[in-house]
Amino acid sequence: MWWFLGGIALLLGGYVIYGRMVERILGPDDRQTPAKLHPDGVDYVVLPNWKNMLIQLLNIAGIGPVIGVILGVMFGDIVFIIIPIGNIVGGAVHDFTAGMMSIRHNGANLPKLVEDSLGKVTAKIFGLFVTVILLLVVAVFVNVPAGLIAVMKPDAPLFWPAVGIIFIYYICATLFPVDKIIGKIYPVFGALLLVGSLALFVSLLYNVWNQPELLTETKNFKLGKTHQPIVPVLFVTIACGILSGFHATQSPIIARTMASERDGRANFYGMMIVEGIIAMIWAAGAMVIYNKFPTFMGPNANATLSKITTYFLGSWMGPVTIAAVIILAITSGDTALRSLRLSLAERFSFSQVSLRNRFLLTLPLIILVSGLLWWSNSDKQSFQWLWNYFAWGNQVLAVFTLFTVTVWLMRRKKNFLIALLPGAFMMFVVTSFILWTSPVHKLPWGFGLDLQLAYSLAGNLTAFTTGLVLYQGVTKRKEDEVAGIVD
């Protein structure tokens, strides 16, 4: 139990100490923000900071800090250390630097930021990759909440009606100005999420205070414990609690609604810390369930989630907490579709002030997502493939983001190691994951290499790529000095 409580204390301390150090490196000041420089009443709208914080939290906290940790805690109680450390030096830094970089570039989206630091060719490839990943995100975050709704009422055919309602909401949230739907309902959703998480935390402590062994690996737990390698599998499984590239696609939404750069640490770094705390709570709940009911150990995370809520919160508060998890997924899916619209509009210089233009850009996205939804529900294996490829693709986004931030910081003669080190580590993780995975390991198609060989190749590729990033940073800095460019 002390690993669990110590991990939460570490997260809170990380926000105060390491978060402040990163803030000093980034140097937020009183310059005009994009929302004040380019107000358009649609995407560039000043919102109160408390709303921005809740919107950012709900944007980034999809199902990863719940479903991901329910699966990830099967690696053992080591997750109570890996989550906070990874969050503090990796995920929160990733979100904070990506958000500040977007603010300094007029609320630019990730492909535009990649182009500025890594070049046009890389940006074109990356832009296509981001489009595919965001389409997968939307499809996943329609499927999962619809599935949870269906689990709550197993005697009623609710899945496809729920899919339709959720998807229609996504379309509306994408088309309407940010302050009309997202800015109105997210505070309510955020309150529900926080209340549900707090209730689970209190009940968890009450139930394990006299049985602390339930938060360690008991004999029952060890019998079902996964034997997959922690590196790379754990860091892909618990992406949203540790480090998630998807967050960098969401940060520009808030970068366009902030009134002051000085709110960046709370909005970006702080909300990732909160997500880490949520992940720790659900990981602890899952560990207790696995220790007491080892038959729940397996791939069906939805069943474990339902058991956690009913066991700790009872028949009344349990469904409320499941509703909060459903909201987590929905409030990431809607902004994923919005982010995709914004990225494409930026790429093609297509004004989004008029509703007509927003609809024209969203229509083909609706068609593509509809196709993905049909395919992913054609059988159980299709959705498993969709989820697995989204998981590692999400971490590829994180690598691109952190390497982009590295070059951006080098050009400004700032401490780039805060981004380079987690970026290099995550490249090693995702590369070794792709090289090692195969259906034999009950994972998506990869190269299926021996693990040690995968490690060796991933290490060499990581070293080579890191060298290229450093070379790009030095080159860009010299170009800026010649041109007299100052941030």
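This is a predicted model: local features need pLDDT of at least 70, side-chain atom pairs count only at pLDDT 80 or more; totals for chains, interfaces and linings use all residues.
Close-up 1. Residues are numbered from 1 along each chain as its sequence is written, and side-chain values use heavy atoms, with hydrogens and water left out. The patch is formed by Trp 3, Leu 10, Ile 78, Ile 81, Ile 85 and Val 89, which together have about 480 Å² of accessible area (Shrake-Rupley method with a 1.4 Å probe, where for residues only the protein chains shown count as cover). A patch is made of residues with over 30% relative accessible area and no salt bridge, in which nonpolar side chains (Val, Leu, Ile, Met, Phe, Trp, Tyr) are joined within 5 Å and like charges within 9 Å. Helices are DSSP runs of H or I with at least four residues, and strands are runs of E with at least two, numbered from the N terminus. Helix α6 gives the largest share of the patch, 3 residues. Val 89 lies in helix α6 and is partly exposed, with a relative accessible area of 36% (buried means under 20%, exposed over 50%, and partly exposed in between, with a 1.4 Å probe and protein chains only).

**Close-up 2. Asp 77, a buried residue without a salt bridge.** Which side chain of opposite charge is nearest to Asp 77? That side chain is Lys 225, which is 6.2 Å away; here Lys and Arg count as positive and Asp and Glu as negative, while His and the chain ends are not counted. A salt bridge requires a side-chain nitrogen of Lys or Arg within 4 Å of a carboxyl oxygen of Asp or Glu. Lys 225 does form a salt bridge with Glu 217, their closest N and O atoms being 3.0 Å apart. Glu 217 counts as buried at 19% relative accessibility, and Lys 225 counts as partly exposed at 23%. Leaving aside neighbours within four places in sequence, Asp 77 is in contact (heavy atoms within 4.5 Å) with Trp 3, Leu 215, Thr 216, Glu 217 and Met 287.

Close-up 3. The structure holds 12 salt bridges. In one of them, the side chains of Asp 43 and Arg 341 meet at 3.1 Å, N to O. Asp 43 counts as buried at 4% relative accessibility, and Arg 341 counts as buried at 0%. Another salt bridge joins the side chains of Asp 116 and Arg 411 (3.3 Å, N to O).

**Close-up 4. Trp 282 in the largest nonpolar core.** This core has 158 residues, and Trp 282 is among those with the most contacts inside it. A nonpolar core is a set of buried Ala, Val, Leu, Ile, Met, Phe, Trp, Tyr and Cys residues joined through side-chain atoms within 4.5 Å. Helix α15 (residues 264-292) gives the most to this core, with 18 residues.
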